[in-house]
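Subject: Structure handover

Hello,

Please find the structure below. My notes on what was found in it follow.

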Amino acid sequence: MESSAQLVILAGLAIGLIYGAVGLLSGFCLMSSMRGWLAEGDRRLVRTYALAIAVAIAASQFLAGSGMVDLGRSIYLQQTFSVPVLFLGGLLFGYGMVLSNGCGSRALVLLGRGNLRSFVVVIVLAIAAQMTLKGLIAPARIALVQASQTTVSVNSLPSLLVVFGLAESLSRALAAAATVVALILFAFAQPAFRRSPGQIAAGVIVGLLVAGGWYVTGYLGADDFNPVPVTSLTFIAPIADALQYAMLSTGLTLNFGVATVVGVFAGSLATALATGRFKLEGYSSPRHMLRSGAGAALMGVGGVMAFGCSIGQGLTGLSTLALGSFVALAGILLGTTAGLRGSLRVQPLAVA
């Protein structure tokens with residue numbers, strides 16, 4: 001009989017495979033969503049993202065409310081955190097995402113399709129993230145967090161309602177319902193999105209994958225003797241861990257995040273080969289490579305500071321209704337907007 005840790009790894013691989021396939025077929029990506037929204041072009045992707053958040057919140061809060069998963073054990077619902085560092089990390093990540101033309105998860109998906117630019121993005125992101133987590137940049141990050149962190153009694157939307165005298169279960173239901181309804185109304189307000197079954201399916205599937213991650217690590221991995229961290233889809237630290245595991249596997253153990261990273265690449269690769277989408281692509285110029293690498297470095301540093309990426313905070317963190325996740329996502333959206341609009345706008349480059 002397989003141990004809970006082995007089940008978690010296998011399930012993480014399966015979740016990654018599905019995400020990789022869906023990501024390739026649908027183009028699921030926050031940066032592409034924002035570009036379509038701000039350029040007044042195809043706005044369906046941003047509604048796909050909104051639907052994914054809605055489904056992730058609904059399913060994750062159901063798991064938490066039924067007692068199957070303790071979301072309070074995740075990194076998102078800590079009582080002590082730094083609002084400035086979360087926001088600054090989000091800003092850096094969002095702007096880096098524009099420079100690199102996609103987030104970490106999107107880079108893994110495009111790498112599976114044969115995009116060699118994404119190989120550089122993944123490697124640089126992993127190195128920068130590891131430097132920020134445990135390396136040269138770590139002391140500065142820790143000092144910044146310690147100088148600006150605060151301890152709060154209210155760290156989520158449900159706990160905010162509890163302050164007003166509502167029961168915890170009712171607070172959870174009201175907060176989740178209000179957020180989910182608003183997101184679904186926004187998603188389906190556009191006729192073009194309502195006529196896009198592929199985008200609707202992508203939003204639903206990605207949202208369910210987030211809840212699936214919580215179920216796998218929080219329920220299947222709930223072993224009293226060998227518990228695994230309660231987490232779900234996120235890509236900054238897992239990409240860094242995956243590179244470290246590839247280099248130094250002796251003495252290291254596989255985990256949910258590394259398995260998910262491998263699964264996303266494999267799922268995208270298999271889908272690309274099966275659908276004839278595989279095509280080798282490279283940089284158009286040295287300047288293009290430098291800009292892409294700089295964006296990847298910003299994503300690695302910013303993602304660690306923000307406790308997650310556009311998926312890790314934008315979907316997984318938000319599914320917990322953590323206030324810190326809203327702060328980090330606000331930073332990501334503002335950083336992305338700055339890269340797409342205004343005086344700091346990243347100018348387009350021709351791609352080979």
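Pro158 is buried, with a relative accessible area of 9%; buried means under 20%, exposed means over 50%, and partly exposed lies in between, using a 1.4 Å probe and protein chains only. This is a predicted model, in which local features need pLDDT of at least 70 and side-chain atom pairs count only at pLDDT 80 or more, while totals for chains, interfaces and linings use all residues. Residues are numbered from 1 along each chain as its sequence is written, and side-chain values use heavy atoms, with hydrogens and water left out.

Pro158 belongs to helix α8 (residues 157–163). Helices here are DSSP runs of H or I with at least four residues, strands are runs of E with at least two, and both are numbered from the N terminus. Leaving aside residues up to four places away in sequence, Pro158 touches Ser171, Arg172, Ala175 and Leu321, where contact means heavy atoms within 4.5 Å. From Pro158 to Val83 there are 75 residues in sequence and 19 Å in space, C-alpha to C-alpha.

Leu321, one of those contacts of Pro158, sits in the loop between α15 and α16 (323–340). Its phi is near 60°, a positive value in a residue other than glycine. Most residues other than glycine have a negative phi. Leu321 is buried, at a relative accessible area of 0%.

Phe307 also has a positive phi, near 65°, and is not a glycine. Phe307 lies in the loop between α14 and α15 (312–319) and is partly exposed, with a relative accessible area of 31%. Ser310 is found in that loop between α14 and α15 as well, but Ser310 counts as buried, at 1% relative accessibility. Not counting residues up to four places away in sequence, Ser310 touches Leu30, Tyr49, Phe93, Met97, Cys103, Leu315 and Ile332.

Now the helix pairs. Two packed helices are described by the angle between their axes and the distance between the axes. The axes are lines fitted to C-alpha atoms, for helices over the stretch in contact, and the angles run from 0 to 180 degrees between N-to-C directions.

The axes of α3 (residues 44–65) and α9 (residues 168–187) come within 8 Å and cross at roughly 160°. The two helices are therefore roughly antiparallel; angles over 145 degrees count as that, under 35 as roughly parallel, 65 to 115 as roughly perpendicular, and the rest as oblique. The crossing of α3 and α9 is left-handed, a term for a near helix turned anticlockwise from the far one by less than a right angle, with clockwise being right-handed. By class, their contact has 14 nonpolar, three polar and two charged residues. Nonpolar covers Ala, Val, Leu, Ile, Met, Phe, Trp, Tyr, Cys and Pro, charged covers Asp, Glu, Lys and Arg, and the others, Gly among them, are polar.

α5 and α6 pack at about 140°, with their axes 8 Å apart, which makes α5 oblique to α6. On the α5 side the contact is made by Gly104, Ala107, Leu108, Leu110 and Leu111, and on the α6 side by Ser118, Phe119, Val121, Val122 and Leu125.

How many of the nine residues of α5 (residues 104–112) are buried? Nine of the nine are, so α5 is largely enclosed by the rest of the structure. The cover over its buried residues includes α1 (4–26), α6 (116–133), α12 (236–247), α13 (256–275) and α14 (286–305).

Regards
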